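Visitor: Please show me the model and walk me through its ligand sites.

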Amino acid sequence: MFVTSAPGKVIIFGEHSAVYYKPAIAAAASSLRSYLLIETENITTNVLQLSFPNLKFQHKWSIENLSQLTDTHSLQSKTLSQSLLQTIDTALLSDIVNPLHKSAAQCFLYLYLSIIPPMHRSSLKCTLISTLPVGAGLGSSASVSVVLSQAFLKLAQCTLSPTLINEWAYVGEMVMHGKPSGIDNTIATYGGALQFIKDDPQNTKELFPKKPIVAILTYTRIPRSTKTLVSNVRVLYESMPEIVEPILDSMAHVALKGGDALQEAKLDDVLQLVRINHGLLVSLGVSHPGLEIIRNLTTELQVGETKLTGAGGGGCALTFLNNSASEQDVAQFRDTLNQRYDYQTFETTLGGIGCSLLDLNQITNKEQISAILDLFNSQNASMEQIDNNLLPGGPADLPWKI
Ligand SMILES: Nc1ncnc2c1ncn2[C@@H]1O[C@H](COP(=O)(O)OP(=O)(O)OP(=O)(O)O)[C@@H](O)[C@H]1O
Ligand SMILES: C[C@@](O)(CCO)CC(=O)[O-]
Ligand SMILES: [Mg+2]
């Protein structure tokens, strides 16, 4: 039995422009994570079981059926095979109608069938719990792709390396999103803070901010689809390239300057650039009235600057506080968002631990193991319970391998 874990991410500068090979800055939201429990013993034999309690979704497939369907596996091919995707859809997922369930199961089966060769396919139960809001712009899909890739590579007896995990997680992201930039899975794999350029590892580099980056994240609970928003921007780009290209170039300058400002802890510059980046995203049509409420309240209470983060259209906003924001101002800001709008706010330090692995056989304290298993078996473990019992570097002090 083992658990894999990976964080969500916050894009600080450069969402959407990242898809067009412009630099972007992102950091791990390392306390908001997905955890995948892998059980291979004392479970139903010859069955692959999936349990995603956050989505209230469970499913089973006979391993024999799976192997008949795809007798060859494609461990070498880290590109998206439309024919494998189609086979999965028609033969294994035709009974699933909920779109969230469908995309999660597609990603799960695609990675399972591609990574684990038939000789290593035996009875398996996979249970995934997460403290990340689902589909909110904080990279929940990437975090799920990373924990699945890491676990399946281990079951396939591959030597685990961040490069390999990240390559497969990108395939998982392609299953969910089409053609993403790869920034989300890269952060979920490596953690920390990065300046990222799509398909350009030479110019993707770690950032070392002088001061810890503390921010407020606000989840509007407004659902949206990253895939749709990215494709809306594509349509705009293709219809008016002479207007959209300079906006994307401007975002690239914002990201480069913003990365430097974060490293040098130049808060005034960071705040200006957050405001500019949000304005540019508004001009691409990816904001939402529910996000503008947060931005307007930030301005009204003069606590700092806010931008949308992730694909926008709902989901989450990121607020950096200015030096003059008092504790009362911040409390008023958060209370108003929580109480008047039923938004959820988190104060988060950005950066920290990327993907990690916990071998439950190494834990000798039986009570500690049963507390961990209870979290996966419960349908509604709270964020606090999960953090207390599982968070890498958290109070339970577990032997996570990074
Ligand atoms: N806890 C979870 N359990 C199972 N699947 C999940 C979970 N969280 C996310 N997913 C999968 O990820 C999908 C959401 O991905 P989507 O890219 O739309 O949002 P996001 O990754 O949270 O936001 P963004 O890509 O803008 O950062 C869900 O439809 C589901 O398939
Ligand atoms: C909107 C986007 O820039 C970020 C989604 O988290 C898409 C991507 O980079 O693939
Ligand atoms: Mg996503």
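Guide: A polar contact is a pair of N or O atoms within 3.5 Å; within protein, one must be able to donate a hydrogen and the other to accept it, and residues adjacent in sequence count only if both atoms are side-chain atoms. This is a predicted model, in which local features need pLDDT of at least 70, side-chain atom pairs count only at pLDDT 80 or more, and totals for chains, interfaces and linings use all residues. Residues are numbered from 1 along each chain as its sequence is written, chains are lettered from A and ligands numbered from 1 in the order in which they are written, and side-chain values use heavy atoms, with hydrogens and water left out.

Visitor: How much of the accessible area of ligand 2 does the protein cover?
Guide: Ser181 has a side-chain N or O atom 2.5 Å from an oxygen atom of ligand 2. Accessible area comes from the Shrake-Rupley method with a 1.4 Å probe; for residues, only the protein chains shown count as cover. Ligand 2 has 300 Å² on its own, and the protein covers 97%.

Visitor: Which elements give two or more residues to the shell around ligand 2?
Guide: Elements are DSSP runs, numbered from the N terminus: helices are H or I with at least four residues, strands E with at least two. The shell includes Lys9, Ile11 and Ile183. The elements asked for are β1 (2-13) and α6 (183-190).

Visitor: Which residue has a polar side-chain atom 2.4 Å from an oxygen atom of ligand 1?
Guide: There are 24 residues around ligand 1, and Lys9, Ser103, Ser140, His177 and Arg224 come nearest. The side chain of Arg224 places an N or O atom 2.5 Å from a ligand oxygen atom. The 2.4 Å pair belongs to His177.

Visitor: Is Thr131 buried or exposed?
Guide: Thr131 is found in the loop between β5 (124-130) and α4 (140-155). It touches (heavy atoms within 4.5 Å) Ser31, Leu32, Arg33, Met383, Ile386 and Asp387, not counting residues up to four places away in sequence. Buried means under 20% relative accessible area, exposed over 50%, partly exposed in between (1.4 Å probe, protein chains only). At 7%, Thr131 is therefore buried.

Note on methods. Contact means heavy atoms within 4.5 Å. A residue is near a molecule or strand if one of its heavy atoms lies within 4 Å of it.
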